[in-house]
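Please keep the sequence and the three-dimensional view at hand while reading.

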Amino acid sequence: MDIRQQLLAAFEIEHREHLDAIRAALAAEGPVDWHDVFRRAHSLKGAARAVDLPPVEAVSHQLETLFERISTGQRPLDREARAATHLALDRIEAFVAASAAGGAVMPEDALAALAACLDPDAAAPAPAEPAPTAAPTVAAPATTPAAAPAAAPVAAPESAAEPAQAVLRVPASAVESLSRASHGLWAALPGQTATAERIARLSAHAGELRRRSEAARRAPVAGPAYGAATETESETAALRRTLAEIETGLAALAREASDLAQGHKAAVLSVETAARRLREETERLALVPAETVFGGLARAVRDMARTDGREVEVTTRGLDLPVDRAMLQALKDPVLHALRNALSHGADSPESRQRQGKPAALTIGLTVEAQGGRLVLGIHDDGRGPDLAAIEATGRARGLIAPGESLDADALLALPFEPGFSTAGAVDALSGRGMGLSVVAEVARSLHGQVQLARRHPHGTSLILTLPLSAARRPVLIVAAGGTRYALPSGAAEALSRLEPGALSTVGGRPVAQVAGEDGETVTLPVAELGDLLGIGSGRPDGATIPVVRLRGTRGRCLLAVERLEEVRTLLVLPAPPIGSDPALITGTVILGTDTPVLVLDPDGLIDRLGRAGPRALRSPSKAGEDGGGTIPEKRRSTILVVDDSITTRTLEKSILEAAGYRVIVCVDGQEALDRLRARIEPVDLVVADVEMPRLTGFGLVEALRAEEDFARLPIVLMTSRGDEEDVAKGLELGADAYLTKQKFDQRELLDTIGQLL
């Protein structure tokens with residue numbers, strides 16, 4: 001690769017960061033950080049100048065000028081300015097993407113739109129600033145905005161081909177973690193060499209003892225008729241000495257073998273730990289943010305809308321979610337088809353939107369999230385919504401609905417996924433052939449998922465793709481039922497707790513229990529015995545305290561009763577076994593230890609099975625505390641506030657603390673914890689907080705609490721992965737009462753520390 005290609009590859013990554021940051025700033029609620037937006041445009045202009053891309057430099061300069069005028073109040077950020085900005089960002093993105101193949105052309109509409117915002121009376125766009133002589137450039141044919149002929153948008157409306165040499169954006173922290181893991185494995189390997197040397201010495205020692213034993217066995221013994229008594233006694237004494245020496249050697253050999261076994265066990269454990277960490281870090285690189293594949297779809301939809309003379313606002317959420325790259329690539333075309341369908345069938349006239357109180361521009365949103373063990377993609381619009389009458393008419397015309405047959409709304413909304421089904425009056429660039437949604441349904445089936453079309457309230461349509469997450473390392477909660485262990489996706493476990501049998505009541509013949517909801521209000525949820533749902537029964541004694549998982553799926557929530565809550569672990573989730581498992585309940589398999597397979601349960605499948613099950617009592621209620629185990633004294637339990645942005649860590653810590661008898665409340669970052677403490681919603685006796693969190697870090701939380709008289713003596717435990725000496729010193733200097741590291745996490749140490757502070 002020559003120097004220009006290297007510069008373009010670096011610019012390809014850098015310019016996306018600037019474009020994404022500007023788009024995010026304009027889409028965020030609240031005031032815009034114009035200083036950062038202006039800086040991004042200025043940096044983009046300088047970077048374009050360095051790689052000799054004058055068209056990008058010219059558009060960036062105009063953006064810089066527009067942002068400066070908006071930030072100083074010389075012009076408002078109105079719809080015209082937003083549209084011109086998005087057009088310019090899209091043109092830059094398309095131009096850079098096409099530059100790798102050569103022959104890229106920058107359409108004139110971006111500069112014209114920006115010029116109209118800056119000076120409505122201007123006849124031509126303002127020129128770019130002259131490049132300073134110190135700026136490094138690379139000689140290459142330049143295409144200036146003045147010389148560029150009018151052209152169609154660079155980006156093709158269909159899915160773009162992968163570049164010849166794709167550049168994958170990997171966080172620097174991930175590369176550093178992988179490097180540390182490889183060094184850890186390298187450091188553990190010399191232990192194997194030392195073990196081999198000890199085995200060689202042990203073998204030599206054993207060989208020497210064997211030779212001495214054989215020599216003693218072959219030694220001649222004088223007979224009574226020929227040997228004197230003194231000679232016989234001397235030979236016997238020599239034999240005894242030899243046997244004693246052999247016995248001593250054997251004892252030493254046994255001790256050395258025992259030491260070797262212990263050393264070998266430690267060396268193997270060290271290598272296995274280092275290899276496992278290296279494997280985990282390597283596998284983590286296979287998961288890429290959804291933005292790497294879906295990031296350009298919003299621009300493609302805006303290009304389609306402009307070509308068709310329509311206004312559209314495209315929003316995205318959850319594109320930072322890490323997903324297997326192969327799955328994302330398989331979904332790219334179906335998601336684009338779904339977005340095109342939303343643009344074509346959702347767009348209504350500005351007059352109609354105004355009458356309904358909607359914004360003038362159609363809004364289309366793309367959401368990506370993980371719910372339990374499934375990936376959920378949503379394409380939502382606020383358009384005119386599905387035309388059920390037109391769908392029914394088309395279905396009858398194509399023979400999909402029998403004469404006299406009547407379908408409900410859900411059944412009608414399943415028809416558009418049939419191949420060739422379309423309600424469009426004519427074929428145009430966006431719709432009319434009836435293949436878009438059928439492609440979505442076909443890919444969903446091939447990935448063992450499902451797709452659903454639904455009406456939104458009060459306006460619009462939602463298309464939801466629900467797919468099982470492909471094989472990757474994911475956090476799972478290990479539970480036991482019927483004497484067998486199972487795994488649940490930890491993201492589906494809202495909370496872990498224990499219920500006394502007396503806390504159960506019955507509604508409609510089904511056991512229910514009241515629990516505290518996320519907003520602090522009491523909610524009533526159905527209670528299901530996992531063993532009963534699986535048809536294996538439960539081995540928990542009647543009257544015993546019931547461990548429960550507050551399970552959340554895409555179709556509802558319930559309290560899942562199990563025999564035992566074990567642990568949360570990050571494991572490689574493999575496909576479900578091809579035979580012997582219920583596909584409605586089983587989504588995969590994990591391996592515990594080296595050879596123990598554990599089935600991964602589907603939260604939605606369990607909730608569906610609960611809905612179909614008839615009324616059933618969970619267990620015969622008995623008086624709380626009859627079994628004498630696990631009951632909490634009547635005096636007020638200490639309340640602990642757990643603050644961590646990782647749901648896995650929050651769930652693990654909450655389960656440990658609740659099992660120890662504490663009452664636990666959780667917050668997702670330091671700012672939420674500070675607000676909750678200041679609001680005095682409930683008395684808090686101790687805080688356990690992470691350090692690295694969004695909005696307000698653990699250090700910031702400690703500092704803020706120690707600055708207020710009411711919280712100056714509140715015990716605070718920092719538990720974090722940052723274990724450097726300076727971090728520990730900083731946390732303690734700010735006022736933390738204890739500092740624990742997650743790398744050496746020991747729940748006994750945590751409980752002992754809390755016990756001492758309380």
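## A parallel sheet and its helices

Helix α21 (residues 725-734) lies across β22 (716-720) and β23, and runs at about 150 degrees to β23. Helices (H or I, at least four residues) and strands (E, at least two) are DSSP runs, numbered from the N terminus. Axes are lines fitted to C-alpha atoms, for helices over the stretch in contact, and angles run from 0 to 180 degrees between N-to-C directions. The model is predicted: local features need pLDDT of at least 70, side-chain atom pairs count only at pLDDT 80 or more, and totals for chains, interfaces and linings use all residues. Residues are numbered from 1 along each chain as its sequence is written, and side-chain values use heavy atoms, with hydrogens and water left out.

Strands β22 and β23 belong to an open sheet of five strands, in the order β20-β19-β21-β22-β23, with parallel pairing. Two strands pair if DSSP finds at least two bridges between them. At the edges stand β20 (663-667) and β23 (738-741), each of which pairs on one side only. On average, and with direction ignored, neighbouring strands of this sheet are turned by 20 degrees against each other. Within the sheet, β19 (residues 639-643) and β21 (residues 686-689) pair in the parallel sense over four bridges, and Val642 stands opposite Val688 in β21. Helix α19 (residues 670-679) lies across β19, β20 and β21, and runs at about 125 degrees to β20.

## A mixed sheet

Another open sheet has six strands in the order β10-β14-β15-β13-β12-β11, with mixed pairing. Its edge strands, β10 (493-499) and β11 (505-507), each have a single partner strand, so one side of each is left without a neighbour in the sheet. Neighbouring strands here are turned by 40 degrees against each other on average, direction ignored. Strands β14 (residues 546-553) and β15 (residues 556-561) run antiparallel and are joined by six bridges; Gly553 has Gly556 of β15 as its bridge partner.

## Two helices in contact

The axes of α3 (residues 54-71) and α5 (residues 109-118) come within 10 Å and cross at roughly 25 degrees. That makes α3 roughly parallel to α5; angles under 35 degrees count as roughly parallel, over 145 as roughly antiparallel, 65 to 115 as roughly perpendicular and the rest as oblique.

Contact means heavy atoms within 4.5 Å. The residues that make this contact include Leu63 and Leu66 of α3, and Leu114 and Leu118 of α5. By class, the contact of α3 with α5 has nine nonpolar, two polar and one charged residues. Ala, Val, Leu, Ile, Met, Phe, Trp, Tyr, Cys and Pro count as nonpolar, Asp, Glu, Lys and Arg as charged, and the others, Gly among them, as polar.

## An aromatic pair

How many aromatic pairs does a search of the whole structure find? The search finds one. Trp34 and Phe67 form this tilted pair, at 5.9 Å centre to centre and with 40 degrees between the planes. Trp34 lies in α2 (residues 34-50) and Phe67 in α3, so the pair ties together parts that are 33 residues apart in sequence. Rings of Phe, Tyr and Trp (its six-membered ring) pair if their centres lie within 6.5 Å; planes under 30 degrees apart count as stacked, over 60 as edge-to-face and the rest as tilted.

## Backbone details

The peptide bond from His457 to Pro458 is cis, with omega near 5 degrees. Pro458 is found in the loop between β6 (450-455) and β7 (461-468).
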